[in-house]
Amino acid sequence: MAVDGATIKKDAAGDLSRLRESVQACIQCGTCTGSCPNAFAMDMTPRQLWRLLLMGEVAEIFRSKTFTLCSACYLCTLRCPRGLPLTELMAGLKAEAARRGIRRHRASTLFYDSFLANLRRNGRVQEMSLMVNYFTRLGRPGPPLANTSLGLRLMAKGKLHPTWPKKGGGKLEKLFARVATLEAEERGETAP
Ligand code: SF4
Ligand code: SF4
């Protein structure tokens with residue numbers, strides 16, 4: 001279900017209060033921004049994002065695409081002088097955007113969903129089926145088709161494998177089930 005900014009604002013007391021607690025000790029030094037390799041592409045810096053989180057500006061946070069551009073490199077987490085779990089906070093915002101079904105973050109949400117489904121099915125990520133699945137769900141088959149010749153060249157060099165790997169045989173099911181249980185417990189819900 002798509003959620004607009006007004007709904008987000010009303011829902012400000014949701015899970016973001018838990019995320020806000022984790023960033024309480026931020027001193028706004030900007031080391032996270034200075035360390036982030038993706039900051040140049042973000043519409044607000046990580047430091048600004050933490051400030052908005054502290055101020056409870058939920059609608060502003062979800063209007064930004066900053067957290068969707070986090071590639072989980074952990075540099076900010078490693079360098080933050082207050083030892084804050086910044087990469088986990090970015091992941092928490094991605095999860096919240098997905099949970100709230102925010103339309104402007106649909107591409108990011110679909111990518112993570114496709115990534116996890118691919119991992120769960122194959123036991124490892126299979127790049128070709130991941131990209132085909134992701135762009136199909138997004139309703140944009142153009143990018144994979146436009147890169148067909150590149151794909152064929154990579155296949156010829158053995159860098160891309162045309163066969164779908166065998167299913168992971170459910171080897172990761174226990175892991176996925178355990179994570180789902182822990183996440184439900186964290187949200188104070190009954191385990192699925
Ligand atoms: S590095 Fe840590 S303390 Fe400094 S602005 Fe970023 S989150 Fe705040
Ligand atoms: S973990 Fe994310 S936010 Fe932090 S430095 Fe890396 S890309 Fe930037």
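Which helices each supply at least two residues of the shell around ligand 1? The points below take up this question after a word on the model as a whole.

1. The structure is a predicted model, and its secondary structure consists of 12 helices with zero strands. Read from one end of the sequence to the other, the pattern is accordingly α-α-α-α-α-α-α-α-α-α-α-α.

2. Of the 192 residues in the chain, 15% count as buried. Where contacts link residues at least 6 apart in sequence, 57% of them join residues at least 24 apart.

3. On the opening question, helix H3 (31-35) and H4 are the elements that each supply at least two residues of the shell around ligand 1. That shell holds 14 residues, and those that come nearest to the ligand are Cys 26, Cys 29, Thr 31, Cys 32 and Cys 80. By residue class, the shell divides into nine nonpolar, three polar and two charged members.

4. The largest nonpolar core comprises 20 residues, among which Leu 53, Ile 61, Leu 86, Met 90 and Leu 93 touch the most other members. At least two residues of this core come from each of helix H2 (16-22), helix H4 (46-54), helix H5 (58-63) and helix H7 (86-100), and H7 gives the most, with five residues.

5. Gln 28 is not a glycine, yet has a positive phi of about 60°, and the residue lies in the loop between H2 and H3. Most residues other than glycine have a negative phi. Gln 28 is classed as exposed because 12 other C-beta atoms lie within 10 Å, and the cut-off for that class is 12 or fewer.

6. Tyr 74, likewise a residue other than glycine, has a positive phi near 75° and is placed in the loop between H5 and helix H6 (75-79). Tyr 74 has 14 C-beta neighbours inside 10 Å, so this residue counts as partly exposed.

How values were computed. Residues numbered from 1 in each chain as written. Chains lettered and ligands numbered in written order. Predicted model: local features only at pLDDT ≥ 70, side-chain atom pairs only at ≥ 80, totals over all residues. Core = buried A, V, L, I, M, F, W, Y, C linked by C-beta atoms within 7 Å. Helix = DSSP H or I, 4+ residues; strand = E, 2+ residues; numbered from the N terminus. Near = placed C-beta within 6 Å. Nonpolar A, V, L, I, M, F, W, Y, C, P; charged D, E, K, R; others polar. Contact = placed C-beta atoms within 7 Å.
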